[in-house]
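Please keep the sequence and the model in view while reading.

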Amino acid sequence: MTRTRELDLVDETRPDVGGPKQPLLLVQDLRKYFVVKGRNAGFKKSPPVRAVDGISFSVAKGETLGVVGESGCGKSTMARLLIRLIEPDEGDVIIDGQKVASEDGISVREMRSQVQMVFQDSYASLNPRLPIEESVAFGAISDGVPRKEAMARAISLLDKVGLDPRLFVHRYPHELSGGQRQRVNIARALALQPRLLILDEAVSALDKSVEAQVMNLLSDLKSQFDLTYVFISHDLNVVRFISDKVMVMYLGEIVEIGEADEVYENPKHPYTQALLLAQPAMDPAERRKKAPLTGDPPNPIAPPPGCRFHTRCVFAEGVCSQVVPKLTTTGGPGFHEAACHMVIPGSGHSQAAAAAA
Amino acid sequence: MTAAAIKATAPADAPAPAPAPAPATDPILSVRDLHVKFVTRDRTVHAVNGVSFDLARGEVLGILGESGSGKSVTLRSIQRLLPERRTVMSGSIMLEGEDVLQMSSRQVTGIRGSKVSMIFQEPATAFDPVYTVGHQICETIVHHEGISWKQAEARALELLELVRIPSAQTRLRAYPHEMSGGMRQRAMIALALACRPKLLLADEPTTALDATVQIQVLLLLAQLQEELGLSIIFVTHDVGVAVEVSSRLAVMYGGQVVETGLLEDVVPKPAHPYTRGLLASTIHGSMRGTRLEAIPGSPPNLTNAPTACTFAPRCPLVIDGCLQGVPALREVGGSRLARCIRTETVVDLPPPGMAAKEATPA
């Protein structure tokens, strides 16, 4: 490895392998089914949970991809697949043109020095018996950085995430507030000088006033360290604030993906529209009168056939329960795709345009 | 265990009692100068420090605050659900003319469920996993109203229909784990309404739910409130949720109500710097590329009772006067009150979030 060991954390040691046009993260047909233990009432083996069911997307260098969806849509499983905390059943993750865990690509260990993750539960992610400077330095030490240098790097990083090293380095996780602990987790993720940071509900457990502080910090760090983010959250407002591109997931599939403003201003998939309408209004004059959807999301063990959303969709027609819609461009300005028969020309849905000649 | 365990002693150095909020005519609930202190061997936590408010009949009061602001403790004191041996309470909580803090435990048990009931954040833990939902609802009705099990079952069915649970008859025989999160929360609302309470206390009932389910539950509560003429206190940390359900808002910080008033007054023009900061730091709409007006610092440590404005260390408008004793709740016009000595300055600031919007996007 040819990593310079300098305290200056601006990274020149991660060569830009594929050039600026090569996406930093390319995901191809990623799939993960979880086998359910036990048997159901009919004494047959239960079918697997289709947590992530064949998703493909890319994230350009320096871009922030926001991922939204409700519980059970597979967004956290996807995050864990990206960093290989769980093994995918199928599909490839390609970091800057190099396939992860493959002969002609990079190893999982090499991938993890470029990709790091911040989790939702700030307390459970830190070792309660280590002072925070040790926690932050741990990854770098195990990656071969001399201890003294790793500690110096940890102190400099704690300073960069807004924790005064003189007050904080010797503290233990239980001596910090939730917001401070999440700052430590961010510092630790940065200690290996990664290029891609996966933030899985990283601000969801924080109070609003603290969430705003951490969101500002994430914006600062991004420009300072040239980072690329995959930002996962159930909070649509927070995702819109930080993302360049947004991906909406439902029952393990991508239903809509596109430039953030396009998706929010002009949502094409009925599920995205419902999600946006379900957000509480901030204005007393614009209270919601009607819920956009009834019922809860269906069980990902036996997802409905055809379009998985057709059971809750007000526009559902015959074709929706028979044919799986593919992600198709919506024809709007900029990148914007939706997996809905209403945007697929000639799909057979009454609201779809006629097939292109 | 009797009410003796709850020591009704006023703190020695307590500031003068706060002025009573504008008295509602015949309020269902009237809380005056409530103090709650948790005492353990190691430390004391002053969780609630002089909270006063009235709740009119048929009103929905939203209590908005962050973790540690004392909002849930205030709510739980109304049903006296706090651990009696470690809790020191003072002040008064008048529920339809009777002081809950002076009741015997038998009397308190009598009002729980029948006069005032509560729904919680996590319905999975509020239900007993080994009994069916129907059984738990019937048990409550039989206990409080002394009617036969058969009559109770008929009523339980009505209740599940009232909260719009589909195929209610089958769901009566369902165990809590057989229901989805949204359905369980509806069932808990049915359980809470089983004995026709007049006051419903809601402690973040939608926080654990997905957005599309949350809005369904919020709308259900609004409908039930109207149909049954309920009075509701709705505790939440989410400004959006509070706006969606409440008619009046009480904002809590450091164990005190720092601002209270009608929703239409408070949200567009907050009168307390904390309310303003909270609204400004809540991300909404298109704010991409802007900087959030975050509140610096972290919430106060409540080991000691406040001696000055609890928000002063984080306040951008702090002056010397803020540190000279706890500010009293002052009128800001109409029925609004704010615990700040600079309310005039705060009200005149541009609406929260606007400063960020006007900043040039990148």
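Two residues are in contact if their C-beta atoms, placed from the backbone, lie within 7 Å. Helices (DSSP runs of H or I, at least four residues) and strands (runs of E, at least two) are numbered from the N terminus. The model is predicted, so local features need pLDDT of at least 70 and side-chain atom pairs count only at pLDDT 80 or more, while totals for chains, interfaces and linings use all residues. Residues are numbered from 1 along each chain as its sequence is written, and chains are lettered from A and ligands numbered from 1 in the order in which they are written.

Helix H6 of chain A covers residues 178-190. Because 12 of the 13 residues of H6(A) are buried, the helix is largely enclosed by the rest of the structure. A residue is buried if 20 or more other C-beta atoms lie within 10 Å of its own, exposed if 12 or fewer, and partly exposed in between. Among the buried residues of H6(A) are A:Arg181, A:Val184, A:Ile186 and A:Ala189. Their cover includes strand S6 (115-118), helix H3 (132-142), helix H4 (147-160), strand S7 (196-200) and helix H7 (208-225) of chain A.

How do two such helices lie against each other? Two packed helices are described by the angle between their axes and the distance between the axes. H6(A) and H7(A) pack at an angle of about 15°, with their axes 10 Å apart; they are therefore roughly parallel to each other, a term for angles under 35 degrees. Axes are lines fitted to C-alpha atoms, for helices over the stretch in contact, and angles run from 0 to 180 degrees between N-to-C directions. In this contact, H6(A) contributes A:Gly178, A:Gly179, A:Gln182, A:Arg183 and A:Leu190, and the residues of H7(A) include A:Leu217 and A:Phe225.

Two loop residues complete the picture. A:Gln193, in the loop between H6 and S7 of chain A, has a phi near 55°, a positive value in a residue other than glycine. With 22 C-beta neighbours inside 10 Å, A:Gln193 counts as buried. A:Asp226, in the loop between H7 and strand S8 (228-232) of chain A, likewise has a positive phi of about 55° although it is not a glycine. A:Asp226 is partly exposed, with 14 other C-beta atoms within 10 Å.

How values were computed. Expected span 1.5 Å × (residues − 1). Parallel < 35°, antiparallel > 145°, perpendicular 65-115°, else oblique.
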